[in-house]
Every structure is written in structure tokens, then in C-alpha cells.
Amino acid sequence: MNAGEEYLDLFFDEVDTSLEALNQQLSLLSKNPGQVSIIAEIFRIVHTVKGMAATIGFNTISRVCHRMEELFDFYRKNPQEVPTQTIQSELKALDGLFKIVENLSSNEGEESSISKTLSDALCKELEEELKKLNVPKNANVPKNTKALAQTPIIEQAVSRERKFEIKVKFAEDCLMPGVRAFMTTQVLEKNGHLLESDPPSESFLDNIEIVSSGLKAIITSSKPLEQIQSRLLKISDVIEVEVLEREMSGSSHNLSAEQIPISLPITVTKSIKEINYYEKSPEQIEKLLSDFQRHEIAIGNLNAFQVDLVLTDEVVNAEEQFFNLLNNLNEYLGQIIYSYPSILELGQKQENSSEAKTLTNLLNVEAAKFIAHSEKLHFVLLVDGSHKNILDFLSDACELNKVEVKEIEFDWQKKAETEQSPEAQTEVKSIQEENKDLSFTKSGDVKTAFVRVNMATLESLMNSVGELVINHNRIKLAMGDGATNEERSILQYLHQVTTKIQQLVMSIRMVPINQVFTRFPRFIRDMSRELKKEVLLEVEGENTEIDRLMVDELNEVFIHLVRNAIDHGMETAEERLEKGKSKAGTIKMQAYAQGNNVFITITDDGKGIDPQNIKKKAIQKGLLTAEEAEIMSHNEVLELIFAIGFSTADKVSDLSGRGVGMDVVKSRISSLGGQIFINSVVGEGTSIRLSIPSTISIIQALLINEGNGLYAIPLSQIKEIVSINVLAQVYEIGSCDIILLHNETIPLIRLGKYIDLEKVSENNLKNQSNILVVIVNSEEKNYAFIIDSLVGQQEIVIKPISHKANQEGLVNGATVFGDGRVAMILNIDQITKMYLLEHESREFPNDDTGEEALYWASRY
Amino acid sequence: MSHTAPSVLIVDDALFMRTVLRDILTKNGYQVIGEATNGHEAIERYQELHPDITTMDITMPELDGIAALKKIMEIDQTAKIIMCSAMGQQGIVVEAIKQGACDFIIKPFQPNRVVQALEKALQVSAGE
């Protein structure tokens with residue numbers, strides 16, 4: 001057995017110990033051959049060895065053990081002196097076992113032919129000993145139970161208690177039924193006194209028949225019958241429990257046929273929980289209804305109802321009840337169009353069972369089982385009325401005490417008009433189900449079914465939905481103002497459906513961010529072990545949903561950030577203790593959603609980032625001059641770690657710095673349409689905050705006209721749109737223009753310069769009195785973009801565009817409109833970055849504008 | 001959500017088995033609050049975490065599942081411990097049940113059985 005290989009050493013170790021103990025006990029036994037405690041102990045040890053050997057697959061051992069066990073089982077149950085000859089045989093077997101184990105051990109677990117021959121010989125000898133006992137295997141059992149039943153304590157108890165006959169059935173796929181049977185008897189013991197059981201408890205473990213035969217037991221108990229029953233049903237794999245109360249008088253220790261149950265059988269089936277779950281029924285009904293229609297029976301305003309009846313208590317004759325009920329329903333209330341079991345079947349069964357009933361008086365036990373065969377009825381009823389009518393009828397008509405009625409949402413008049421494809425029906429159904437009042441479904445009753453969908457399929461579905469949105473807009477545009485009221489309402493409906501489908505597709509794409517987070521406990525554990533730092537992980541908001549497409553991207557980003565945090569940020573335990581911090585560091589991963597965005601922070605409580613180190617590094621690498629460094633704010637310095645080719649690590653460790661720098665992290669986030677911020681306090685830790693759109697396919701955007709083109713700016717980045725008086729509010733600093741708004745100076749960017757090369761008009765500002773600007777936020781700074789005109793706000797579908805067309809990354813994609821026009825979606829972060837690169841390098845070192853630049857820079 | 005999720009302590013010496021169990025449990029709304037790799041750790045972690053349910057492997061180094069079970073039951077009579085057994089360990093499982101284990105699951109783990117066992121364990125109130 002391969003699975004056992006890892007346990008091999010353990011096995012040999014344990015078997016050795018066990019065999020040693022066995023040796024000891026056997027020699028004790030030879031001095032006191034009749035001592036029960038020794039016999040019991042030997043039985044236990046042999047049994048344990050047998051179990052271990054069987055687990056690991058050593059039949060040579062388990063076979064011998066089994067026979068040793070059988071011998072001692074006899075003496076255990078029939079206390080008497082064990083003959084010297086038997087002890088000798090056992091000792092011989094033990095020696096043999098030692099040899100087999102040794103042989104196995106030296107052969108690395110292979111059962112050699114030597115050990116097989118030895119095992120055979122030992123088995124034979126032990127069998128000889130067994131034959132001498134000349135006792136049928138279970139002959140001792142009735143004797144034993146009888147003895148038990150006649151003990152005075154039980155008799156005494158009997159007078160106060162009730163006596164029950166209990167039948168327990170186990171699931172067909174039940175593993176280790178013997179243990180389940182044991183658990184059953186244990187529960188019975190706890191709830192009363194177990195008088196006898198069939199099969200007897202001694203043979204549970206070797207009896208695989210238990211699954212088919214079930215377990216019968218007789219107990220006395222003062223507890224209510226229902227309690228015993230419900231307690232038994234709580235044992236795993238117990239699927240049915242039948243409890244019959246028996247008369248106290250008379251011979252009580254066997255299941256004789258003369259006895260008549262004094263109360264009705266109560267059968268509780270576990271499947272009752274599932275009765276409200278219909279998976280196929282709506283389709284079935286639909287088919288039935290169409291059949292129904294074909295027979296041209298007037299349907300009028302009838303409603304279709306699906307009804308499930310369950311009998312739980314005191315069922316005398318389920319079939320008869322059901323048969324009569326269905327007939328009555330058909331006659332007085334409506335039309336049964338489907339039932340399971342069918343009326344025909346029930347009719348036949350009823351005949352059978354009335355025969356059985358006559359037999360019952362003769363052989364009550366078997367017949368009772370036969371009658372209480374079906375306790376569930378499922379039918380579909382067409383009724384001119386509501387479900388209340390059915391309920392009223394049912395509660396009057398029969399003694400059924402558990403009635404479940406469920407109305408089907410089925411507008412079959414419309415169904416008759418339109419031939420819908422099965423796919424379309426399923427879709428409609430799923431939408432309906434979502435909106436449906438869930439009061440009918442008890443929690444836990446409905447199983448959720450999942451379908452695995454190829455990501456590409458989902459992607460193509462999303463694109464199709466996008467097309468749908470676009471075409472909806474096209475129709476709207478084409479119809480213009482001349483649309484009739486009817487057209488308008490159809491369009492309105494189309495819009496609703498489209499939106500709904502869009503939402504559904506979006507929701508399919510959304511997954512909890514936990515999919516990313518769950519990979520980290522392990523990662524952090526491994527890493528902290530490797531770096532010999534103690535790190536704990538805290539996760540918050542793991543149910544925040546993100547687009548499935550982002551999972552992999554984010555995973556890489558997080559791995560990098562967490563790796564950095566542990567490698568560069570975390571101190572060793574000693575360092576931490578010295579600083580008066582807790583021994584183990586903590587990394588917190590938090591996520592929450594706000595509007596269209598998801599915010600994720602990764603915080604560590606390590607040593608933080610020293611801005612001086614960053615400055616030094618940046619100057620060394622020629623990223624900035626000492627003068628520039630002087631005037632930078634704390635945050636600006638920190639932002640430097642996102643600069644291309646920047647690394648703060650003094651040495652590249654094995655784990656971090658695998659070629660992926662923070663600049664790559666930033667561009668990843670940026671390509672997802674997100675932003676990244678950093679905050680760090682020396683000695684206290686670092687926090688990296690990501691803001692990403694919750695979905696990357698459909699966004700709210702502001703459409704603008706600039707030059708000859710139509711552009712979209714993600715609404716999430718827009719702060720405001722204002723008209724600016726050029727004379728009063730625009731200032732020139734070097735080659736930069738800035739505007740003054742709400743006492744804040746904001747760089748003024750001509751979009752045309754970056755996106756529309758034909759329209760570079762440096763001086764056009766002076767010819768205008770007012771300009772329209774969009775104030776956008778990028779990396780916590782504001783910028784003003786000059787635009788020609790506003791088109792409006794709209795939800796747009798992002799279509800990715802090739803890298804060739806977009807080498808500088810100035811656009812995030814494109815979107816197509818109903819009229820066929822295309823708009824580019826601007827990557828604001830990239831544009832502002834280019835602006836800063838261009839102006840910082842050109843303006844700041846320039847002495848002519850130094851003073852103004854200083855002023856400028858100090859505000860930013 | 002976390003305040004309603006029943007907490008589970010997983011005890012198994014094999015990382016692989018712990019991972020499998022953790023995945024099954026997490027997916028089904030349980031919160032795995034701790035793991036232990038042998039009986040001694042199990043006892044320590046139990047006292048520290050007081051999980052709603054503990055899954056206990058039987059065959060473990062240092063201190064096996066049965067011994068750990070006994071010890072935990074001594075500490076907390078209401079402890080709900082589900083034994084993880086391999087096929088063929090019937091006798092040991094019976095021993096575990098005698099010592100107070102509330103159920104057992106069999107390797108290789110089938111998710112539905114695992115979840116069922118945990119659900120049942122939660123249903124059974126402490127007094128019974």
C-alpha cells in the first residue's frame with residue numbers, strides 16, 4: 001500500500017512496542033491462565049496490531065493476528081483457563097510475528113515469500129487450536145445477552161421505564177459501518193439500557209452486513225421516544241431510525257413474532273429536509289402542460305401548483321392516503337396533471353397493501369415495514385384559485401400533518417405564444433429565481449449548483465453584452481425624437497433587460513478578493529521561516545469583490561509588496577524586542593469597496609522607510625540632484641521608490657528583488673486603471689494603498705471633445721469641471737501654465753500636446769477669455785486638462801487596444817458608440833507622468849525661473 | 001461573516017492533509033483558526049483557541065490523536081472532536097468514540113462527508 005509508506009517507520013516502531021507488550025502479557029498468562037484482565041489485554045493488543053497491519057497493507061501480519069484474536073475472543077467471552085497448548089501456539093505465533101516484522105523491516109516494507117510461508121504456517125496452527133474449541137462462532141452471543149437481560153438491575157429498571165425496539169438503517173455508502181453501529185449502541189446506552197442488539201456488539205467490526213441489514217436493538221429507557229430517535233439521527237451515516245414501543249411484560253429478550261407493537265410505527269427519514277428542492281420539475285411541468293394543451297382541454301385562468309406532501313408521524317397506510325387524496329383533488333378541486341408516485345401506481349400498491357394488511361395480523365413486523373414504504377407524494381395541480389385553496393382542501397381532506405405547498409411562477413400563456421430555445425428559458429428562469437421571494441426555501445435546503453466556465457467564454461460573453469449595450473444605444477440614436485410611444489417603451493424594456501444581463505455577467509466575473517488573500521498565509525509562513533523573522537498575517541474585508549481578471553495580476557503585485565514588507569520592512573525578532581515592539585511583526589491586508597473602486601492596503605509594522613536613504617539612493621543613481629532632493633516633501637521622496645530602476649535594498653536577497661521593482665508594480669496597477677500610494681513612518685512601518693476599479697470592463701466616464709477627437713476620462717478620477725478666466729486665473733511659470741483655483745495652483749495641461757499631435761497651439765490661450773478645464777486627480781495631485789467641449793457622462797465598455805497603437809500607454813483602451821464613433825479612454829496617470837517628466841527635468845534646474853519654480857514646487 | 005462561522009482547529013501531522021481539510025472547511029463557511037501537527041501541540045492550541053470543533057488525526061508523532069483526545073476531553077468535557085482515520089482503523093476509532101470523540105471522517109476526505117460530520121457535531125448539544 002503506497003499511502004502507507006510514510007507511516008512505515010511509525011508502524012514498525014509501534015508494532016515492536018505492541019509485540020513486546022504482548023510477549024509480556026503472554027508470559028503472565030502462562031502463570032495465571034485464567035486471569036480475565038490478562039486475556040482482555042492480550043485481545044486488545046492483538047487487535048491493535050491487526051488494525052495497524054491492515055491499514056498499511058501487511059496481510060501476513062493481519063491474518064495471523066486475526067486468528068490470535070479469535071482465540072482470545074473466545075476466552076474473553078467464556079472465562080476459563082486457557083490451555084497450555086493454546087498459550088504455546090500463541091507464543092509461537094508471536095515469535096513468528098517478530099520474524100515477519102523483522103523481515104518486512106529489512107525489505108523496506110515488501111512482503112517476502114519467507115514471511116508469507118511463515119504466516120501461512122502460523123495461521124494453520126492457530127486454526128487447529130480454534131477447531132479444538134469446537135464452538136460455532138456466534139454461539140456464545142445469545143447466552144451472553146440473555147445473561148445481561150436477566151441481571152437484577154435491568155429488571156428493576158424495567159418497571160419504571162418503557163421498552164423500545166429500535167431499527168437503525170445506515171447509508172449504503174457508509175464507511176466503517178461497524179463503528180457507526182458502535183456509535184449507535186453508545187447513544188442508546190446513554191439514553192437507556194441496551195438489552196440486546198442484532199447483530200451483537202461483539203461482532204460489529206467484522207460485520208459488513210450491517211449496511212444492508214441495519215441494526216436492531218432493544219432498550220429500556222425513561223426518555224421520550226422522539227428524543228431517542230432524534231439523537232440517533234444525529235449520528236453520521238444513520239439515515240433512518242424506527243422506534244417501536246414494546247410491551248414491558250412477557251419474555252423480553254428476543255424479537256419474537258407474537259409480540260404486537262402497542263404504538264404506531266414512526267419513521268423519520270432524513271430526506272425530509274430536501275423536499276422543498278425542485279430541480280427538474282419546472283421543465284417537467286412545462287412539458288406536461290404542453291401535452292395537456294395538445295389534448296385541448298380548456299385551461300382558462302388556472303394556476304399550476306407544485307405540491308409536495310410528506311408524512312412524518314403515525315402513518316397507517318401512506319399509499320392509501322395518497323391514492324384517496326389524489327382522487328379527491330381531481331374530483332373536487334382541480335386537475336392533477338402529474339404525480340409521483342402516479343395514481344395508477346398507488347392504486348396498485350393499495351391493492352397489494354390491503355393484502356399485506358391482512359397478513360399484518362399474522363406477521364405484523366414484516367408487514368408493517370412493507371406498508372410504510374413511501375411517505376412522500378409529489379404532484380402538480382391545475383387549480384382555479386390560489387395555493388390557499390389547496391392548503392384548505394388538504395388540511396380538511398386528510399389527516400396529513402405535514403403539508404408543503406409551493407407555487408410555481410409559471411406564466412404559461414406567454415410561453416404558448418413564443419417558442420423559446422431551452423437556453424433562453426434557462427436564462428429567464430435564473431433571472432426570475434433571483435428576484436423570487438425566497439420565503440419558500442428554507443436556508444440550507446437548496447443546494448447550490450456550480451458550473452465551471454472557461455474564462456475566455458466569459459470574456460466573449462462580456463464582449464457580446466458590450467455589443468448589445470452599444471447597439472441599444474444605436475437604436476436609440478437612430479430612432480431619435482421621432483420614436484413612437486410604443487417604440488419608446490420597447491426601448492425602455494430593452495434597456496432594462498440589457499442592464500440586467502450586464503449586471504449578471506458582471507456578477508459572474510466578480511470573485512471575493514479572498515481568492516488572492518488565501519495564498520498568503522502560506523507564503524508569509526514560508527518566507528518568515530526562510531528569513532528567520534516572525535511575521536503574523538491579519539486579513540480584513542476578504543469578501544470584497546473584484547473582477548476575476550484582476551486576480552492574477554493582483555496576486556503578483558501583492559506577492560511583491562508582501563515580500564518587500566517582510567524582507568525590507570520587518571526587523572528580526574531580536575531587533576523588534578530591542579525597540580520595544582512585539583516579538584512578531586504583523587502584516588495587514590485590508591480590502592474594502594467604495595463606489596466603483598476597491599481599496600486595498602498592505603501595512604506592516606516594521607522599521608518603515610527612511611526618506612534620507614531614498615534620497616541618497618536616488619542621487620547616487622542620478623535620478624535627481626541634491627538640490628532637488630532638498631526641496632522634496634516627505635511623500636514625494638517616498639514616491640521615488642516607484643521610479644524606474646529604483647531599489648532600496650542594500651543587497652539583493654534571495655527572495656525579493658527578482659527583477660520586479662516597485663516601478664513595475666506601479667505600472668501593473670496603472671494598467672488596471674488603478675493607483676498606488678505609499679505612506680511610511682520611520683520606526684513604525686509602511687503602508688501601501690492601492691485603489692483599483694472594481695471592474696475593468698465597464699466604467700463610468702466623462703466624454704469630451706478635444707481637437708478632432710472624442711475622448712473618455714474615467715469618472716472616478718475627475719474632481720470637477722470648471723470654466724476658467726484666462727486673464728485672472730492662468731499664470732505662466734517658465735514653459736508651464738498653472739491655474740489658480742480655490743487658492744490652489746494646478747498645472748494646466750494641454751491634452752492636444754499628448755494625444756493629438758496636429759493640434760499643438762501654444763499660444764491659443766491668449767486669444768480666449770474663458771477656457772473649459774477638467775480637474776483630474778492622479779496620485780493625490782490635481783491637474784487641469786483643457787478641453788474643447790463636454791459631450792456627457794456615460795457608461796462605456798472598454799475594448800482593449802493593441803500595444804502598437806498605444807506604445808506610450810497614454811490610453812487605456814477604446815470604446816465604441818452606438819453611432820459607430822470611437823472614443824479613446826485616456827490614461828490620466830500616464831499623461832500626468834509624462835507631463836511631470838518633461839517639466840521637472842526642464843524647469844527646475846533652470847536658474848532664470850528658479851524662484852518661481854521654488855514657489856511652484858513648494859506647493860507640490 | 002466571521003462572527004457566525006464556526007471555528008475549527010485542524011490537527012494532522014501531514015501538511016498535505018491539513019491543506020486539503022482547510023480548503024474543504026474554508027469553502028464551506030468554516031473558519032480554520034489554528035493548526036497543530038501533533039498531540040502536544042493540539043492540546044496547547046486547544047486551550048489557547050477553544051475552537052468550536054477540532055479535527056484530530058489519529059496517527060501522529062510525539063503524541064497520537066487518541067492520547068490528545070483523552071487529554072482535551074479531560075480539560076473540556078464539551079469539546080467536539082472529530083477523528084480523522086484511515087480505512088482499517090476501526091478498532092482505534094471505536095476507542096476514540098469511547099473516549100468522547102463525537103464523530104469520525106475517513107481519509108481520503110470527501111468534502112460532503114467532512115461537512116456533514118461537522119454539521120452534525122455542531123447540532124449535538126453539549127449535554128446529550
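**Exercise 1.** Find how helix α3 and helix α5 of chain A are oriented relative to each other.

*Solution.* In this predicted model, helix α3 (residues 59–77) and helix α5 (residues 113–133) of chain A pack at about 15°, with axes 9 Å apart. Helices are DSSP runs of H or I with at least four residues, strands runs of E with at least two, numbered from the N terminus. Axes are lines fitted to C-alpha atoms, for helices over the stretch in contact, and angles run from 0 to 180 degrees between N-to-C directions. Angles under 35 degrees count as roughly parallel, over 145 as roughly antiparallel, 65 to 115 as roughly perpendicular and the rest as oblique. Therefore α3(A) and α5(A) are roughly parallel to each other.

Next, take the residues in contact (heavy atoms within 4.5 Å). Those of α3(A) include Arg63(A), Leu71(A) and Phe74(A), and those of α5(A) include Lys116(A), Leu126(A) and Leu130(A). By class, this contact has ten nonpolar, three polar and seven charged residues. Here Ala, Val, Leu, Ile, Met, Phe, Trp, Tyr, Cys and Pro count as nonpolar, Asp, Glu, Lys and Arg as charged, and the others, Gly among them, as polar.

**Exercise 2.** Do the analysis for α8 and α10 of chain A.

*Solution.* Helix α8 (residues 177–191) and helix α10 (residues 225–233) of chain A pack at about 150°, with axes 10 Å apart. α8(A) is therefore roughly antiparallel to α10(A). Thr184(A), Val187(A), Leu188(A) and Asn191(A) of α8(A) meet Gln227(A), Ile228(A), Arg231(A) and Leu232(A) of α10(A). The classes in this contact are four nonpolar, three polar and one charged.

**Exercise 3.** Which strands stand at the edges of the five-stranded sheet in chain B?

*Solution.* The open sheet has the order β2-β1-β3-β4-β5 (chain B), with parallel pairing; two strands pair if DSSP finds at least two bridges between them. The edges are β2 (31–36) and β5 (103–106) of chain B, each with a single partner strand, so one side of each lacks a neighbour in the sheet. The twist averages 25° from one strand to the next.

**Exercise 4.** Describe the contact between chain A and chain B.

*Solution.* Each chain is represented: 26 residues come from chain A and 26 residues from chain B. The buried area is about 2600 Å², of which carbon and sulfur atoms give 58%; buried area is the accessible area (1.4 Å probe) that two parts lose on being put together, summed over both. Leu175(A), Met176(A) and Lys234(A) supply 24% of the area that chain A buries against chain B, more than any other three residues.

**Conventions.** Residues are numbered from 1 along each chain as its sequence is written, and chains are lettered from A and ligands numbered from 1 in the order in which they are written. Local features need pLDDT of at least 70, side-chain atom pairs count only at pLDDT 80 or more, totals for chains, interfaces and linings use all residues, and side-chain values use heavy atoms, with hydrogens and water left out.
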